Amino acid sequence: MTMNECSVATGAQLDPAVALFHSLSDGTRLAIATRLAHGGEARVADLMAELGLAQSTVSAHVACLRDCGLVQGRPQGRQVFYSLARPELMDLLAAGERACAKQRLHTLRQRQAPFGATHRAGLGERRKASLPG
């Protein structure tokens, strides 16, 4: 494949992805989206209790997610039940969780490795190579 055959998305083509990731870049909005992905629909009151946040905070973030088209509301009487508007978001969130879990595991393994073990092993190999043989 030559450079001319490879198409790279630029500018306006990336706008939807930028909006999607920007809306999920806030920790509170990501927590709300993750909660809706795993626990199904919820009211603002439910999200407040589960996330330990003020009503105004949850409402503002739910409104942002709704305006971005990521969350939809289902009115029932005087209450509104929110859910993910697009099922593919569950796959995106799951992929993000797997990537974070792999990174945490990698970091943990690095911390558990004996200090200098890799360095010492390299020195041992160099010493063997330098011995007359």
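**A buried histidine, a helix pair and salt bridges**

His-61 is buried, at 14% relative accessible area (buried is under 20%, exposed over 50%, partly exposed in between, with a 1.4 Å probe and protein chains only). Before I go on: this is a predicted model, where local features need pLDDT of at least 70 and side-chain atom pairs count only at pLDDT 80 or more, while totals for chains, interfaces and linings use all residues. Residues are numbered from 1 along each chain as its sequence is written, and side-chain values use heavy atoms, without hydrogens and water.

His-61 sits in helix H4 (helices are DSSP runs of H or I, at least four residues, and strands are E runs of at least two, numbered from the N terminus). Setting aside neighbours within four places in sequence, His-61 contacts Asp-26, Thr-28, Arg-29 and Ile-32, contact being heavy atoms within 4.5 Å.

Now the salt bridges. The whole structure has four, each defined as a side-chain nitrogen of Lys or Arg within 4 Å of a carboxyl oxygen of Asp or Glu. One joins Glu-50 and Arg-35, at 2.4 Å from N to O. Glu-50 is in helix H3 and Arg-35 in helix H2, 15 residues apart. Glu-50 is partly exposed at 48%, whereas Arg-35 is buried at 16%.

Another pairs Arg-74 with Glu-41, again with closest N and O atoms 2.4 Å apart. Arg-74 is in strand S1 and Glu-41 in the loop between H2 and H3, so this bridge ties together parts 33 residues apart in sequence.

Last, the helix pair: Val-44, Leu-47 and Met-48 of H3 meet Gln-55, Val-58, Ser-59 and Val-62 of H4.
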